[in-house]
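Here are my notes on the model you sent over. Have the structure open while you read, and follow the points in order.

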Amino acid sequence: MTRDFSVPQQRKLVTELPGPNSIALQERRVASVSRGAGTLANIYMDHASGAILVDVDGNQLIDLGCGIGVTTIGHAHPAVAAAAAEQAAKLTHTLFTVTPYENYVRVAEKLAEITPGDFEKRSILVNSGAEAVENAVKIARKHTGRRAIVSLDHAFHGRTNLTMAMTYRPWPERAGMGPFPGELYSVPVSYPFRDGLTGEEAAEKTIDYIRTHIGASEVAAFFAEPIQGDGGIVIPAPGYFTRISEFCTENGIVFVADEIQAGIARTGTWYAIEHHGVVPDLVTTAKGIAGGFPLAAVTGRAEIMDAVQPGGIGGTFGGNPVSTAAALATFEAIEQEGLLAEARRVEQALWARIGDWAQRFPVVGEVRGKGAMFGVELVQPGTITPNPEALTAVLEHVTTNGVIALDAGSWDSVLRIMPSVVISEELIDDAASVIEEALGSLSAN
Ligand SMILES: *Cc1c(COP(=O)(O)O)cnc(C)c1O
């Protein structure tokens with residue numbers, strides 16, 4: 001289908017990056033905003049459309065990041081903008097747990113339809129991914145009467161105190177900010193590029209670790225990203241989640257798919273766990289759910305979700321009327337515009353354009369991905385030793401040349417590519433050429 005974009009879908013630089021207006025804003029920002037909110041590129045944005053960001057100096061940048069996988073359906077989607085504006089003029093807040101409204105119920109109905117599994121489901125809506133994960137922990141503990149929570153090596157589950165402790169990296173996510181809650185355990189993941197194991201072998205390693213360090217009967221929930229996002233687009237080997245999910249069922253453990261980054265059309269299916277052929281008990285959704293508006297959800301088996309007493313979960317802004325209106329418009333856009341298929345088109349285009357980088361560039365160890373979610377793992381040539389310096393150099397080159405891509409990986413050595421699923425082949429080609437300039441000069445050194 002042809003789409004109307006309010007900004008031509010091309011990269012165009014009219015100043016150096018960052019431009020003078022960005023530099024002026026950066027000076028004000030340093031004097032007013034905590035440096036704790038670090039930024040990847042100090043280029044200030046004014047507006048955007050589709051896969052193009054327009055900065056405050058009029059430069060047009062190709063967005064390969066989507067604000068970390070949020071604007072999957074394209075920036076400032078007209079249907080989302082219209083739905084949000086209409087709702088904002090009609091009703092902006094009542095607090096669902098004081099006096100409810102239909103949008104919240106409609107989002108919960110839709111989530112029951114699109115999440116994997118044919119059983120009866122319930123949802124709760126909250127504001128952020130971390131809040132969804134926290135609530136999933138509470139729900140699983142209440143349902144099982146157990147305490148231990150398992151998450152995977154290289155996982156990212158958020159930045160609140162609880163979810164930060166479920167997140168793998170000590171730096172910068174956690175350093176100096178404890179104490180952390182107890183009964184949280186990190187267990188080995190399947191990372192085919194690094195462990196060389198089959199899915200079954202990696203699952204046995206994970207399960208053995210749980211048995212010997214925690215005890216299966218102590219575990220309330222097993223949290224896993226079907227494709228790890230911040231961890232470096234780590235895709236567990238085929239069969240891994242099948243075995244993990246069986247183990248969870250056998251031992252009464254709630255299996256939670258954290259789909260906050262990989263879910264909602266990003267990988268060519270509604271949810272990325274579908275690629276692994278596994279049905280989770282609970283699913284957390286956030287980032288891409290509302291076309292850029294803040295909204296998150298926990299969805300899952302009715303008997304687990306309903307284990308919590310009324311008032312046990314909630315929050316003032318959760319399932320806000322405007323955010324839920326935006327989510328409903330996002331779901332509709334995904335269906336009407338065939339955006340699951342568009343994500344698969346982007347996957348094909350990326351494989352065709354960048355799939356041979358590991359053969360062409362000695363600093364590239366592996367290119368991997370699904371849908372519009374790719375990682376390029378950078379290594380010391382001839383080894384699998386992580387190469388964070390190379391990633392810094394690549395990001396520096398691409399951002400100053402009008403391409404916004406993301407960093408990832410526990411060693412800061414994975415270039416993360418997560419464009420909107422409406423990105424054109426021409427933009428993919430242009431952005432890839434810019435990245436190749438950096439990879440070429442690194443390989444020459
Ligand atoms: C981003 C992310 C979170 C946290 O979401 P926030 O909205 O930033 O709190 C949790 N899990 C995964 C997999 C994420 O990518």
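**Notes on the cavity, ligand site, pocket and sheets**

1. The lining of the largest cavity is made up of 9 nonpolar, no polar and no charged residues. For the classes, Ala, Val, Leu, Ile, Met, Phe, Trp, Tyr, Cys and Pro count as nonpolar, Asp, Glu, Lys and Arg as charged, and the others, Gly among them, as polar. The residues in question are Leu64, Leu350, Ile354, Trp357, Ile417, Ile428, Ala431, Ala432 and Ile435.

2. Before going on, some ground rules. This is a predicted model, where local features need pLDDT of at least 70, side-chain atom pairs count only at pLDDT 80 or more, and totals for chains, interfaces and linings use all residues. Residues are numbered from 1 along each chain as its sequence is written, and side-chain values use heavy atoms, with hydrogens and water left out.

3. Back to the cavity. A search of the whole structure turns up 1 cavity of 30 Å³ or more, and the largest cavity holds about 50 Å³ of space. On a 1 Å grid over the protein atoms alone, a cavity is a set of points where a 1.4 Å probe fits but cannot get out; a pocket is an open set with protein on both sides within 12 Å along at least five of seven lines; lining residues have an atom within 4 Å of a point. Grid points are joined across faces, edges and corners, and a volume is the space filled by probe spheres set on the points.

4. Which helix gives the largest share of that lining? It is α15, with 4 residues. Both α12 (339-354) and α15 (425-444) supply at least two lining residues each. Helices (H or I, at least four residues) and strands (E, at least two) are DSSP runs, numbered from the N terminus.

5. Now the ligand. Surrounding it are Ser128, Gly129, Ala130, Phe156, His157, Gly158, Glu225, Asp258, Ile260, Gln261 and Lys287, where a residue counts if one of its heavy atoms lies within 4 Å. A polar side-chain atom of Asp258 sits 2.8 Å from a ligand nitrogen atom.

6. Of its 19 lining residues, Thr97, Tyr104, Ser123, Ile124 and Ile313 lie nearest the centre. By class the lining has 10 nonpolar, 7 polar and 2 charged residues. Strand β4 (residues 121-126) gives the largest share, 5 residues.

7. That strand also belongs to an open sheet of 7 strands with mixed pairing, in the order β4-β10-β9-β8-β7-β5-β6. β4 and β6 (184-187) are at the edges with a single partner strand each, so one side of each has no neighbour in the sheet. Two strands pair if DSSP finds at least two bridges between them. β4 is joined to β10 (residues 296-301) by 6 bridges, running antiparallel, and Ser123 has Thr299 as its bridge partner there.

8. There is also an open sheet of 4 strands, β11-β12-β15-β14, with antiparallel pairing. Its edge strands are β11 (364-370) and β14 (406-408), each pairing on one side only. β14 and β15 (residues 414-417) are joined by 3 bridges, and Leu406 has Arg416 of β15 as its bridge partner.

Conventions: Polar contact = N/O pair within 3.5 Å; in protein donor to acceptor, adjacent residues only side chain to side chain.
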